[in-house]
Every structure is written in C-alpha cells, then in structure tokens.
Amino acid sequence: MEPIIFKAIVVGLIFSITLLVATYSTYAERKVSALMQDRVGPNRAGPFGLLQPIADAVKMFMKEELIPSVSNRWLFVLGPCISMLTALMAGVVIPWGGPITIGEQTFDFQIVDLNVGILFLFGVASLGVYGIMIGGWASNNKFSLLGAIRASSQMISYEIAMGLAIIALVMTTGTLSLKEIVNQQDAAYCNFVYQPLGCLIFIICAFAETNRAPFDLAECETELIGGYHTEYSSMKLGFYLFAEYINMFISSAVIACFYFGGYNFPFQHSLGIDGNWLSIIQFFVLFGKIVFFIFFFMWVRWTIPRFRYDQLMNLGWKGLLPLAIANIFVTGIVMWVNGDIN
Amino acid sequence: MLTDRSKQVVRKEMTWAEKAYLPAIFSGMMITFSHIFKKKATIKYPEQKRPIAPIYRGQHVLKRDEAGAERCTACGLCAVACPAEAITMVAEERKKGEENLYREEKYASMYEINMLRCIFCGLCEEACPKEAIFLTDRLVPSTFERADFIYGKSKLVETIDNPIDVSVRQTQKVLEFKEDKKHKHNRTFLDKINTIIQRH
Ligand code: SF4
Ligand code: SF4
C-alpha cells in the first residue's frame, strides 16, 4: 500500500473520531453535570438521550443566522473558522498507537511525526486565540470585545507557564518529537513520575488554554453575556462551542502523551501479543486515557467556581510562572547530580 | 439571638495548605464525585408522577347530573368569582327536546377556561350554585401553543361513559356548608324576601 493512502485513511479516521468525540463530549458534559448535581440529564432523545447531540446539531442549523450590520462581515465569519481549524490541526502530531504492519510495510499510526512536534502543537495552540480575538473584535460589541481581550491576555499569560513546564519535560526527554516522548515512556516509567510539578502546571494551563471553567472568563455569562460569541448565532456559534470541545479532546490526548505514557500501558510486552493487535489495543488504551481526562475536565468544571480576573492573573504570573521556572531549575540540578548532563 | 446557629466569623490568615488551594479543590472534587452515585431528585414527569393530595386542585371538570345532562346554567358566578378572570362563557336558552342535554332552562353554549391565566384557587367551584364545576386531581399537560391552553367545553365537560369522580372534593360537609343559610353568600333572593316578610 502506498504510504500516502495509509496516511489518508489515518487522517480520515482521526478527523471523524475527533468530531465524534467532540459531539459526544457535549452529551457527556450535560450528563456529567447532571449526575454531579443529582439530576438525570438528557434522557429523551433516543435511549439514554444518546441522540441528543444530533438533535442539538439540527437545532443549531435551523437557527436564524445573524450577522450584525455594524460588524466586519468578513472577519466575523473568519473567527469561528479559525477556531475550528486550529482546533482540528493540533491532532496531527499525536501518536495514536504503535506501528501497524500491512503486507511488508510498517506505518506509524500517526499523521506526521514532526521532529518539532511540541513546537507545532504550541504554535497551533497559540493560533487558537486569533479565532476568539477576531470574532470578538469583529462583532463590534463591547461585551464581545471584553471577552476577546480577556481570552487573549489569559491565553498569553498561561502559555508562558505552559511553555516553561514543557521545557522541563523536554530537558528530561531530550526530544521534541511526540512519538519519541511516548516511546521513551514505554521503556521507563511515564513522565508523570519525573515531572509531577510540571504535569500539574501543564494541566492547569491546559484548562486555561481551552477556556474551560474555572478559567472561562472569556465567556463568563454573568458579566459578559456570552463573551466573544455574544453576537454569534446558528452554526457559527456551534463552531465556537464545538472548537472548545475539540480543544478539550486534543488537550486530553496531549496530556496523556506527555505525562501519562500515551498509548503505552504497563506490562504490554508480557501479554504475548504484538504487531497490529497490540497497536489496536494501544489505540484503545490511549482512548481510555483521553476519555478519563475529558471526564476530568468536566469534573473540575462542575466542581470549582470561576476565578475572578485578578485572581486569574495572579495565579498565572505570580503562582504558576515562578513555579515553572523553579521546576526547570530543580529538574536541571537533579539531572546534573545524576550525571545525565555534564 | 434567636437561634444558637450563628457562628463567629474568623478572619485568620490562610495556612500554606489552604493557600495552595489544591487540597481544597481535591476534597471538593471528591464531593462532586460522590454525588454521581447519589439518588437523583428528578421525577421523570409524564411517566412518573409526584404523589399529590386527593383534594388537589388541578384541571377543572364540568359535571353532568345523574341523567347525563349538563349541570351548568351559565349563571356566570364562577367567572365573577375568578380572581384571574380566566373564565368566559356564552349563555343560550334551552330549546324544546334538549332537556336530556341540559338540566336548566339556560345553559352555556360556549364555556372556556384559560389554563394559563387560571391560578387553580378553586373559587369557581366554591361559587357555583349548581355544583357544576369542580377542580380535579388531573394535571394540565403542557403544549407548544398558547391557544391550546384555552380549554373549551370539549375538554371540560365530562363524558357520559367516563364520569369524573369528585366525591373527595364534594363531601357531605361541603354540601352542608353550601346549604347553610347562616352564611350570607348562601342566602338567595327568595330567602331575603322571606326574612323581610317574617320581620314584618
Ligand atoms: S380555579 Fe380560580 S383562577 Fe382558576 S378558573 Fe377557577 S376561580 Fe378562576
Ligand atoms: S359553572 Fe356553575 S357558576 Fe359557572 S356558570 Fe355554570 S352554573 Fe354558574
């Protein structure tokens, strides 16, 4: 089989899985929130309400499409598109499973193995803020603009701490390629053992990057109506909301790959299976981890109230940033004492 | 101090563990997690109904008498009594041959209750001199249109095959109370004349 065909299949697969997971994340979010509040949640559309996301999508499409006459039309449409695009782009570098052998050839179960995978992820994540910025600005509405400003300053602040947390990770692993990082965790313990603080900082920043509670100041309904998407309706609003769920999915995958062994699981080589079957099991293991982290995202959302804006900035600049820097130093010293660097 | 439940507010500095927030967040998350397995408070309404009192005041019924004729005489007392002005009606004279349909010489050809206006106070039932209207323990179902909440005779009058039991609301005590001339509102014009005649 031509590598390009295999890649095309993987791309299609990952794309549809991403969309499917994001769709059902909306359902899961409502169900989880309901369960945590002693309610039942959606249970009318289909068995257990499983068709609810489809009903939601139909509703979204049927809604009237409004474009404020005073807005910048072009940018107004561009905003949700960028959000969606960047959200989907980040899935490219994630390794979904071990190598797959078809006939004589062996393929990686990954769309591309960039040797600067982490940088790519980081770049795409920072691009995501443009979707929100442009959308909020083009709406020509005070609330939207405030939401957009909040979102961008928040994302920039937390990106720094996130980047520094990753630097410590890169120091221990010595590579920027995600596949390498995951493979290293096969041989030794998962990175969480070496970088617990870095992992914590990374997870907190991931919450901020995805604009999820308790960091959802950008859409803070109580103060800003809907924040940057106040003026949006119909499927353009749907795109924004959907992008958030895709981001959550990708973030979960990234957390799993960086710190929790990616598709590896303990004792995988003593099971007596290998080759394609092992890869497929690995894919499901990674999927399980992702589902857990998505649940974790929701769990936190329905537990903790939203930060105040000054608290958010304090936490970012005075809390996480020094901690991340300290983490780098400690990592460096430990590595130096161990003789990993000279 | 009315109760002993008031607590002194302590504004002490937070300890290091409290400032780190994470232990607090963790215990909070444990609480939300434990709620996943708690009994749900939801009552799945159309299938499951909350137990209601037997004398619950729900959707009205216009009763027929034993022979199956409508009891209502379109006197309009219910409409006057209604604090929400939910009732409207049009009166008509009973024609020859309609005696099996309507008990009194005058009847309501149109009788409507707007269930969105109604506050289910039961004053219409109290006002009715003909024991025609009663509130029942049936709930008014929700619909999509406002117009669907205006219940006409087709929905209010009980059918002959399916009479609605109102004996829990129309007890002997209630009937006696309604007959008791001690109360001013139970005295009719004739009673008044009789008392005047007696006095002179
Ligand atoms: S129950 Fe009360 S509000 Fe409703 S129709 Fe009767 S008098 Fe009016
Ligand atoms: S329901 Fe009773 S009070 Fe109302 S019009 Fe009919 S007879 Fe009169």
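Which residues are around ligand 1?

The model is predicted, with local features needing pLDDT of at least 70 and side-chain atom pairs counting only at pLDDT 80 or more, while totals for chains, interfaces and linings use all residues. Residues are numbered from 1 along each chain as written, chains are lettered from A and ligands numbered from 1 in written order, and side-chain values use heavy atoms, without hydrogens and water.

Around ligand 1 (a heavy atom within 4 Å) are B:His60, B:Cys82, B:Pro83, B:Ala84, B:Ile87, B:Cys118, B:Ile119, B:Phe120, B:Cys121, B:Gly122, B:Leu123 and B:Cys124. Ten of this shell are nonpolar, two are polar and none is charged; here Tyr and Cys count as nonpolar and Gly as polar.

I turn to the pockets. A pocket is an open set of points on a 1 Å grid where a 1.4 Å probe fits, with protein on both sides within 12 Å along at least five of seven lines, and its lining residues have an atom within 4 Å of a point. Of its 42 lining residues, A:Ile204, B:Ala20, B:Tyr21, B:Leu22 and B:Ile25 are closest to the centre. By class, 32 are nonpolar, five polar and five charged.

The second largest pocket has about 720 Å³. Among its 27 lining residues, the closest to the centre are A:Thr26, A:Asp56, A:Met60, A:Leu241 and A:Tyr245. Its lining comprises twelve nonpolar, five polar and ten charged residues.

Notes:
Grid points are joined across faces, edges and corners, and a volume is the space filled by probe spheres set on the points.
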